[in-house]
Amino acid sequence: MHFAAPLPLASGASLRDYTLAYETYGTLNAAKSNAVLVCHALNASHHVAGTYAGKEKSEGWWDNLVGPGKPLDTDRFFVIGVNNPGSCFGSTGPTSPNPDRPESSYGSDFPVVTVEDWVDAQARLVDALGITTLAAVLGGSLGGMQALDWSLRYAERLRLCVAVATAPNLSAQNIAFNEVARRAIVTDPEFHDGHYADHGTIPRRGLRVARMIGHITYLSDDAMEAKFGRDMQKAAFDYSTQEIEFQIEAYLRHQGDKFSEYFDANTYLLITRALDYFDPAHGHGGDLTATFAKARCRYQLVSFSTDWRFAPARSREIVKALVDNRLDVSYAEIDAPHGHDAFLFDDPRYHGFLRAGFDNLMKELT
Amino acid sequence: MSDRKDLELIAELVPKGSRVLDLGCGNGDLLVHLREHRGCSGYGIEIADADVLACEQRGVNVIQLNLEEGLALFDDRSFDVVLQLDTLQHLKNTEKMLRETARVGRIGVVSFPNFAHWPNRLHVIGGRMPVTRVLPYQWYDTPNIRVGTYADFEILAKKDGLTILDAFGIQAGKAVRAWPNLLASVAVFKFERG
C-alpha cells in the first residue's frame, strides 16, 4: 500500500512517499473487530503464514502459529502481516529509490527508524484497512517490542497485547552484540559508506559475520551442544587455521552465506539500531511501572528458560509493571531448550497457552 | 484445594471485591469462584505447565513462577488478600513464603494438611507414617516436605509477628472450631502482619 503523506520519524526526519508491503489472512468481520496485527522481528517480513502458489518452500515465518485451525486461527481472525519501513522485503527501505537522487537507491541515506516509527506506520495501514480497534497485536522478540509499544501509544486501539520472548529494552550485552554485527558490516571494504549499490558491490563478508554472531546468541549453549557438540567435519583434523574443522563452524558459515544472499546490509544496521533505541521507560526516568500507567489492554507474555538474549527476567520486569498497574496479564515461562529461537518453534505448551488466549479473545468478540 | 466445600469455606474468608493473589493457584478453581461469587480480581501464581494452561483457558490471570524464588514481583501490601492454599507444605522455604505472604497482602490466608488430625496420630502411634485422603503419599515420595500441625502454625505465626484474625479446621467439608488440632484434617488460618 502506498502512502503519500510523509511519516514523521523520531529522529526529526520524515519518510515521504512510502510503500508498505503487507499480507492478510482470513476475513475481516462486519464489525471489523477480529483483526490481529503480527509484528516481525529482525529478519522476517509481512509473509507471516501460508505458502505462495507454486512455491513449495515459501512458508510464512510464523506458519506454525498462524493459519486455519492453528493457535491464531485464520478461520476466525483476520490476520495482518506488515513489512516495516527500512526493511528489505517490499516496504520502502534502503534498497528503494531515493526520491532526492532518483537514479540511485537510498542506501545509508535512508533515515534511521525506531520501533515507535514502525508502529506509527503500522497504525496508518490499520487505519487504511478501516480498522479502529485491533483484537490483538502479536510479536516475538523485536516484534514483541512493537506489540508493547502499541499498548502504550495506541492504548485504546487493541484489546490484547501478546509479547513473546521480548524485553522492555536491550541490555548492555545485547547492544554490544548488535555493535559487533554492525562493525562487521561497516568495516567490510565493499560497504562503501552504505552506498554499495552505487558501486555494484554487496558487503557480504560483513553480513555473514553479523549473521554468525547473531545466530550464536539466538541458540542456547545446551542446544548448540546437543546439535553439534565437538563433532568434526572430517574424520581427522587438517591442522589448519582456515579450514572448517568442527561442524558448528560449517553450520555458522552456511547460515552466514544464506543470509548474505537475501538480506540487505543497511537494513541490518537500521533494525539493530531500532532494537538498541527501544526503551519506553526512558521518558519516565526508567520507571517501567509509570510507563505502563497509560496501558489499557490485556497482556499475554511468554518467555523461554534458555533464552539468554531476551531472558525470562526481562519479561518478569514487564509483568511487574503490569501487575503494579493492576492490568490483566497472563505470563508463561516455558522450560524450552532452544534459546531465543524457541519463539519460532511449536512447543505445545507455548502454542497451547497462546491458543487459549486467542480463544478467550474470540469469546469476548462474539 | 480439590474439595469444593473446602474451597467455599475458605472463600468466605475473602472480603467481597478484594484484589487477591493466589499462590499455587492450581487450575484456577478458587480464583474463578472468587471472581464469580465474590467479585474479586487478581492473579494466580503457578509453576506447573498444565495448570498454567488450565488457568489461561478459564480466563484466569496466571503468572508462571517458582514460589521458592519469593515474591519479588509484588510490592508490600499490594493485595487485599494473599492466599496460599494447600501449597505451604510443598515449599522448602516455608517460613520465608509465610513472611512474603504477610508482606504482600493486607490479609493472608493459608491452609495445609493438619498432621495432628487424630487418624494421623493413630498411624504414628502404630509406628507408621500416615497415608490418608489428605496425606495420600508414602513417606518416601511425598511432595509434602513440610508436615506441620494446626498447633505448630500458631507458634510459627507468633514467632513471625503475625496476628491471627480467624482460624479453624476443615473436616469432611465442614468447619471445625472445637479442638481443630485433633478433629480436622485441614488447618486454615487468616492473619495479618503485626
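A pocket is an open set of grid points with protein on both sides within 12 Å along at least five of seven lines, and its lining residues have an atom within 4 Å of a point. In the predicted model examined here, the largest pocket is lined by 38 residues. Those nearest its centre are A:Asn43, A:Arg211, A:Tyr262, A:Asp341 and A:Leu344. The volume of the largest pocket is about 900 Å³. Four helices of chain A, namely H3 (172–186), H4 (204–218), H6 (247–262) and H7 (265–277), each supply at least two residues of the lining. Of the contributing elements, H4(A) gives the most, with seven residues. By residue class, the lining comprises 19 nonpolar, 12 polar and seven charged residues.

Salt bridges were then examined. Over all chains, the structure holds 35 salt bridges. In one of them, the side chains of A:Arg16 and A:Asp100 meet with an N to O distance of 2.3 Å. This pair links distant parts of the chain, 84 residues apart: A:Arg16 is in the loop between strands S3 (14–15) and S4 (18–19) of chain A, and A:Asp100 is in the loop between strands S10 (97–98) and S11 (101–105) of chain A. A:Arg16 is partly exposed, at 38% relative accessible area, whereas A:Asp100 is exposed, at 57%.

A salt bridge also joins A:Arg153 to A:Asp120, with the closest N and O atoms 3.1 Å apart. Because A:Arg153 lies in helix H2 (residues 142–153) and A:Asp120 in helix H1 (residues 115–128) of chain A, the pair ties together parts that are 33 residues apart in sequence. A:Arg153 is partly exposed, with 34% relative accessibility; A:Asp120, at 19%, counts as buried, since buried means under 20% relative accessible area.

Helix H1 of chain A also holds A:Asp127, whose partner A:Arg157 lies in the loop between H2 and strand S13 (158–164) of chain A, so this pair connects parts 30 residues apart in sequence. The closest N and O atoms of A:Asp127 and A:Arg157 are 2.7 Å apart. A:Asp127 is partly exposed at 43% relative accessibility, while A:Arg157 is buried at 16%.

On chain B, a nonpolar surface patch of about 690 Å² is formed by B:Trp118, B:Leu122, B:Ile125, B:Trp179, B:Leu182 and B:Leu183. Helices H5 (118–125) and H7 (180–183) of chain B are the elements giving two or more residues to the patch, and H5(B) gives the most, with three. B:Trp179 is found in the loop between strand S7 (174–176) and H7 of chain B. B:Trp179 is exposed, with a relative accessible area of 66%.

Methods:
Residues are numbered from 1 along each chain as its sequence is written. Chains are lettered from A and ligands numbered from 1 in the order in which they are written. This is a predicted model: local features need pLDDT of at least 70, side-chain atom pairs count only at pLDDT 80 or more; totals for chains, interfaces and linings use all residues. Side-chain values use heavy atoms; hydrogens and water are left out. Patches are made of residues with over 30% relative accessible area and no salt bridge: like charges are joined within 9 Å, nonpolar side chains (Val, Leu, Ile, Met, Phe, Trp, Tyr) within 5 Å. Accessible areas come from the Shrake-Rupley method with a 1.4 Å probe; for residues, only the protein chains shown count as cover. A salt bridge is a side-chain nitrogen of Lys or Arg within 4 Å of a carboxyl oxygen of Asp or Glu. Buried means under 20% relative accessible area, exposed over 50%, partly exposed in between (1.4 Å probe, protein chains only). On a 1 Å grid over the protein atoms alone, a cavity is a set of points where a 1.4 Å probe fits but cannot get out, and a pocket is an open set with protein on both sides within 12 Å along at least five of seven lines; lining residues have an atom within 4 Å of a point. Grid points are joined across faces, edges and corners, and a volume is the space filled by probe spheres set on the points. Ala, Val, Leu, Ile, Met, Phe, Trp, Tyr, Cys and Pro count as nonpolar, Asp, Glu, Lys and Arg as charged, and the others, Gly among them, as polar.
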